[in-house]
Amino acid sequence: MALWTRSSRLPAQATAPAVETGTHGGTDADDRPVPDGSRGGPSAGRPDGGAEAEQGEHGAGAGQGVMSDDAGGAPADGAADANARTDTELRPQIQTQGDECKDRPATAGSVGWRGRHPVAARVVRHGTTTLAVLLVLAALLLPNKVGHLTAPMFLRLPGEGIWAVAALLLLGPGRTGRVRRLVPATAGTALGLMVVVKLLDIGFDAVYKRPFDLVLDWILLDDGQSFLRDSMGPAGAIGVVIGVVVLVILLLVLTAWAAVRLNRVLAGHGAAAATGTLVLGTVWVVCAALGVRNTAVPVASGSSAEFLQDRVQQVRAGLRDKEEFARESADDDFADVPADRLLTGLRGKDVLFAFIESYGRSAVQDPEMGPRVSALLADGDRRLRAAGWSSRSAFLTSPTYGGGSWLAHSTFNSGLWIKNQQRYRNLTSGDRMTLTSAFRKTGAWRTVGIMPGVTRSWPEGKFYGLDHVYDSRTMGYKGPKFSWTPVPDQYSLSAFERLEHGRPGRGPMMAEIILASSHNPWAPIPRTLGWDEIGDGSVYDAVKEEGKDPEEVWKDPAQVRTEYRRAIEYSLTSLITYVEKYGDENTVLVFLGDHQPVSTVTEDKLGRDVPVTILARDPAVLDRLSDWDWHPGLKPGPDAPVWRMDAFRDRFLAAYGDRPGAASAATGR
């Protein structure tokens, strides 16, 4: 019966009218071609296309003349079984025909632009997937140092990406649910945040030759904004800040989108994705085990994982550093030295400590800049020796590079290695004796600070033991601002002479003087004037007009290096001519750099060393330094001694006063 029923149905199917048994089921109310089973009706939602679909495909229905065993048209049991088997066997054909209908172009207006432009839709779909892949790869492979931004760094296999895909596949491709949706979006946002930190590292590496500290360096972003304002003007600085914020937001959105997009692709191609992940994972493991390299870098990359590990260790180290620094600062050999035994070898002298901004080893030893600066120092040394002056020079290694001058100033003064902002805050909130406060402790000197770069309240002056601080607001300057520098160096020295050093009837003094005209961006640069021309500084209006535009200078690294050299020459000339004009037999000058300039100038050469020089007319002053083995003259030679900057305080105090052990013996302790 089943066989007879099956064979008797086929002629009925073959002779059915085309409008009812068309391959794709005819048209809907809008004249759109639709497959059987997709039209409305009680069975439209059935997975197998419903009863109508079965009837339309096979001609089995009330109006199709299907033969049955009973006169009422109801099929017999055997026929029903045969029909059921026939429907089951032919259902794959129905699905195939439905799929063919999906591939057939729809009429205009029935679908969106994807249906009207299928080729363009495929191009967009594949293009966005490719973009998402490239974005994720670039984020994972992006290095965090300027020198590592090379093509081979981006031609590697990121292990983190392979393991991330494997994790998504384990969640179950295509599985719906909140976790499945949130995981890629969260991972993409985290990837974007990692890229932001890497970009900060690149910027800090270019300027400070170290990575960005997630705990301690946020305050330095304010300095960067000040630099932009001085270089580009307020409007330009605001525009840059807004642009950076927009780019950060866009980056986070793009990385989150890329992760979500790739997750959808994985969900639709689970088997292929699993196979590809297995293959790539195997290749990664083999390359890692064999040490396969792409030029100078390993093919199997784990740089992002190492980066995150380094950041975690950095945060932990920053938290531990507070305790370590507390132990270091508590250990001070000179804390208990009586005031009458401090600095006895300098009593009656005017002691000046002058910091020259960005005056580094590159200024005197770089093949391009060194000859010009060395010639200036040699000429100054010749003139000063003719006037009875003697000098000794060496190098100090700064705790900072390219910026962060206050870290160098505090290291030099405190005898502690102040390498970050946390240490600086802890130092200046304590009571450790600094080199400058030692002078005040004796009661034998008036202590003053000349701080032309300070434009607001500066409570650190009290910590440094300064009786009075002259900043850019209190020096009487009426001239223009020279880029970052509010006051030209020669005016700062002129104001010091007028306000303190040149006052009649004064006693010995100690001064800390900051010369800031050689501060980045080194344009425009003042020119040296006659000391009697300076007045209230209004003469500098015309001088500034002669200078260069910093935006133009920074378009060419060669110009940056040239202007840096000229700025150092201006600062040195101002200081040397001041000593020539206003120095006397009681003057002792210690001048040094605070740090090397940025890598645009140094080209990452010659380390972190800065020159340091001691200059005096009284031979007894330099005789106390005979065991230091410093080189004679204003310029240290290439093989001159190199000390860490934090070593200077204790050696200076020991050379010009009682050593801690001698002080204890003298007091019977």
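The side chain of D489 reaches the backbone nitrogen of S517 at 2.9 Å, a polar contact, that is, a pair of N or O atoms within 3.5 Å, where within protein one must be able to donate a hydrogen and the other to accept it, and residues adjacent in sequence count only if both atoms are side-chain atoms. This is a predicted model, in which local features need pLDDT of at least 70 and side-chain atom pairs count only at pLDDT 80 or more, while totals for chains, interfaces and linings use all residues. Residues are numbered from 1 along each chain as its sequence is written, and side-chain values use heavy atoms, with hydrogens and water left out.

D489 belongs to helix α18, which covers residues 489-501. Helices (H or I, at least four residues) and strands (E, at least two) are DSSP runs, numbered from the N terminus. D489 is buried, where buried means under 20% relative accessible area, exposed means over 50%, and partly exposed lies in between (1.4 Å probe, protein chains only). Although buried, D489 has no salt bridge; a salt bridge is a side-chain nitrogen of Lys or Arg within 4 Å of a carboxyl oxygen of Asp or Glu. The nearest side chain of opposite charge is R566, 13 Å away. For charge, Lys and Arg count as positive and Asp and Glu as negative, while His and the chain ends are not counted. What surrounds D489, once its neighbours within four places in sequence are left aside? It is in contact with L515, A516, S517, S518, Y570, S571 and S574, contact meaning heavy atoms within 4.5 Å.

Now take the chain as a whole. Its secondary structure comes to 25 helices and 13 strands. Of the 669 residues in the chain, 46% are buried. Among contacts with a separation of 6 or more, 74% are between residues 24 or more positions apart.

The axes of helix α13 (residues 370-386) and helix α21 (residues 557-582) come within 10 Å and cross at roughly 5°. Here axes are lines fitted to C-alpha atoms, for helices over the stretch in contact, and angles run from 0 to 180 degrees between N-to-C directions. The crossing angle makes α13 roughly parallel to α21, since angles under 35 degrees count as roughly parallel, over 145 as roughly antiparallel, 65 to 115 as roughly perpendicular and the rest as oblique. On the α13 side, the contact is made by R372, V373, L376, L377, G380, R383 and L384. On the α21 side, the residues include R565, I568, E569, L572 and T573.

Some helices are mostly covered. In α14 (residues 405-414), 9 of the 10 residues are buried, among them L407, H409, F412 and N413. G415 follows α14 and has a positive phi, near 75°. In α24 (residues 648-656), 7 of the 9 residues are buried: F648, R649, F652, L653, A654, A655 and Y656.

The C-alpha atoms of A237 and Q225 are 6.7 Å apart in space, and the two residues are 12 apart in sequence. V183, in helix α8 (residues 178-208), counts as partly exposed because its relative accessibility is 32%. V183 is in contact with L168 and L171, leaving aside its neighbours within four places in sequence.

Most residues other than glycine have a negative phi, and most peptide bonds are trans. The peptide bond from N520 to P521 is cis, with omega near 25°, and the bond from A523 to P524 is also cis, with omega near -10°. P521 is in the loop between β9 (509-515) and α19 (540-546), and P524 is found in the loop between β9 and α19 as well.

L343 has a positive phi, near 55°, and is found in the loop between α11 (303-330) and β5 (350-356). L343 counts as buried because its relative accessibility is 0%. D604 has a positive phi too, near 60°, and lies in the loop between α22 (599-602) and β11 (609-616). D604 is partly exposed, with a relative accessible area of 48%.
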